[in-house]
Amino acid sequence: MTELVFYIIAVSLCAFAFLSVTVGDVFHSAVCLTFTLLSVAGVYFFLGAPFIGVIQILVYVGGIMTLFIFAIKLTAKIGDASIRQFTRQLWPGAALAGAILALLLAVIRANAWSLRLLPPVQGPDLKQLGVELLTRYLLPFEFISLLLLAALVGAIVIGKVKK
Amino acid sequence: MVNIAHFIPVFPFVAFWLNIIFGCRLGVACAYVSVGASAISAVLAVLVFMGLQAGGGSYVLTPWLSVNGHPISLGIIVDSLTVMMLLVVTIVGTLIQIYSIGYMGGDPRFTRYFAYISLFMSSMLGLVLVDNLFLLYIFWEGVGLCSCLLVAFWYEKPAAAAAGIKAFITTRVGDTGLLLGILLLMSVGHSLRFADMSVISAPEPLMVLAALLIFMGAVGKSAQFPLHVWLPDAMEGPTAVSALIHAATMVAAGVYLVARCYPLFTAHPLALQTVAVIGAISAVMAASIACFANDIKKVLAYSTISQLGLMMLGLGAGGYTGGTFHLMTHAFFKALLFLGAGSVIHAVHTQDIRAMGGLFNKMKVTSVTFIIGALALAGVAPLSGFWSKDEILTAVWQHGNLGLFIAAVTTSFLTAFYMTRLILLAFFGESRGAHKAHESPAVMTMPLVILAFFALFLGFAGSPWAHHAFQRFIAPEEGEVALDLGMAVASTVIACAGILTAFLLRGKFLGYKEGTCALIENKYYFDEIYDALFVKPFHRLAAAVARFDQVRVDGVVNGVSRCVQELAQASRSLQTGLVENYLLAQAGGVFVLIVVVTLVGKLCHIF
Amino acid sequence: MIPLGHFVILSAVLFCIGLFGVLTQRNAIRFLISVEIILNAANINLVACNRYLAPANAEGQVVSLFVIGVAAAASVVGLILIISVYRQRKSVFLDDFNLLKW
């Protein structure tokens, strides 16, 4: 039963992702991306990583998607479906992406680990994650906060309307 | 007391860095830094001199290198010769720096001048203190560098820049010899310490060769025949530099080197004989040129070559005390003469003695001190030059080679002659130039007076009245010395004869037509010969190489650059500026990479 | 039971969709959307491998958290750049911004 749910989520995830890069309207594309991100959060729950899933929803769906919508609304008159949305290299790009996909699938199929099933042990829990973040990964963790601060300040500086 | 000696060069060295780094801030005050540092060194030198009574010796600061198991250490030697040089260098150096405050006043590179002078003082003091040839060579190059920098100090003048290069390159010839000599001595004698000079045992021809190569360095530095050509040109530098470096101290370093390695020379008569002959040739040749020179500084420059030649002659004839004694007295009175000449040039703004005349009444202090210096140089009793020159003449006479003795006597005669001529032309007779001469400021005359005092009385250190204190100080092992009264009378007679001849010919100096004695007037054509032999062919070679470089080498380089340019021109249309094109290429690269990695993995799996 | 391969295949498909978007989108905002898809594909891979191959550790999850953080920063800066360029040139189309060529 859970497997069936997973496959449904996986298929819809791919469908939404594909739609978000193909639909004509940019706003629709952003909506599709929202569903894509939500589905990814669902995949995380299947992987026994509920914390990552929650963060995914909080940060991506709650934060980044809002930004995207804002940006789309601020850059008016471009969401019009009549404007060409693809570059001139649509078919070469598609072919290359397809070729890489085929290659990756072949590699995955050829390897035995792809058949590995869920191990009986429980995955890392929230406590372990927290301890790791604040001990072994403390320095990168703090760097991330520094990076976010820099991005914040940088965004304000760049976005300020110069008189 | 003796083992503070190694601090002596440190003070001028610190002064050099202070003046280089803070020169712009200090301004005129940098002169006081330099003078103060030299004065401290002088005081230390006096302390070392007094401490020497309790016994000298050498000591090692720290071991440094080891060549095939034979050590070369940072060692200091303190003996009578070193202390004599220390006193001469610090006292004369300090006085000349005081003089420079006045002489160089207002020069745009005033601070740099004093920085260079301090560096020179430091190198020169280091040179006389070290206890082996290897370290000596380092300081030897140091003084050579400072000499070049200071000769070309007014490098805006093309002549000064050329003179600096000439000084550097000509002495480099000698320095190469010295370096070869050091290497030879190290490889066959296994020691560079001066203290070991007398005990080194090696095949006779090699040791003679080593001694001659070392003497070659001395020839270059002391401007002896045939490497004397740089010294007259070096007079393009500031006169105070000429006094310090090119009269009193650095050029004497060659004589010092021979004196320092004296055991090496005395052990091999051929080497000693060469020293004497080269010295004799230099002495007579330079003295004869000085008789015809009209530039006041050139006269003194040739006189310096001549007197250095006399010192070499004295050393070569076995007169160790005579050579070193003359080195000391000469440093004082020649510095005095140069400073006096500087004072005159300062006043009349010309160096041509034919355009001077009648300066005696206008510049009393300069004139009187200059005449004292000239009389000391001429060897008139009882001034300092008399005693030291007499010592040399005695040594040459006892040596027994009549040719050398005639050379020494001729030099004495000519010295008296040209100095009298110089004084008659510059200070007496009618004033011939359109100049308003005036006495120099006290900061310049004061060193003159002090140096004149030394020129007057220093000689008594080697006189019977002081029981030959100098001789007993510098060479105590030589035993009792006595004044050769006959030689003293002869020496004075020769000097007086030179002076008298000059007085008799005084009317002819001005009306002298050039070309009468073309060989000597043109300095025996040395510059022309060297120009034709070395400079011109070298220029031609350089031009050929430059042409090859420009046509062939640059051709290749330009060809490569043109190829790259063409390629870039052809390929720049690849850069569309569209980010999607770049990304497509990047993704294609990733594709290829995955394929390659997979295939390689497969292949590795197979094999 | 779902084998690891299916998660990895999902990740690969998602990655290639994102790659396709990056290669073909003319609109800068949709370009950023495609980048987000690629990042999510990578994250799925990280978490899945963490769970299947090394369940005792938390490296995969930690790194995916970092990726989310960096992606947030990147999209903030990217979007603000787009807005700022839009103000000056009234366009968000990448092929209008080819000033850097030659």
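Predicted model: local features only at pLDDT ≥ 70, side-chain atom pairs only at ≥ 80, totals over all residues.
Residues are numbered from 1 along each chain as its sequence is written, chains are lettered from A in the order written, and side-chain values use heavy atoms, without hydrogens and water.

**Chains C and B**

I read the contact (heavy atoms within 4.5 Å) as ten residues from chain C and eleven residues from chain B. The two chains bury about 870 Å² between them, counted as accessible area (1.4 Å probe) lost on being put together, summed over both. Carbon and sulfur atoms hold 71% of that area.

**Helices 2 and 3 of chain A**

Next I took helix 2 (residues 26-46) and helix 3 (residues 50-74) of chain A. Helices here are DSSP runs (H or I, at least four residues), numbered from the N terminus. Their axes come within 8 Å and cross at roughly 175 degrees. Axes are lines fitted to C-alpha atoms over the stretch in contact, with angles from 0 to 180 degrees between N-to-C directions. Helix 2 of chain A is therefore roughly antiparallel to helix 3 of chain A (over 145 degrees).

I listed the residues that meet: Phe27(A), Leu37(A) and Tyr44(A) are among those in helix 2 of chain A, and Ile57(A), Tyr60(A) and Met65(A) among those in helix 3 of chain A.

Terms used. Helix = DSSP H or I, 4+ residues; strand = E, 2+ residues; numbered from the N terminus. Parallel < 35°, antiparallel > 145°, perpendicular 65-115°, else oblique.
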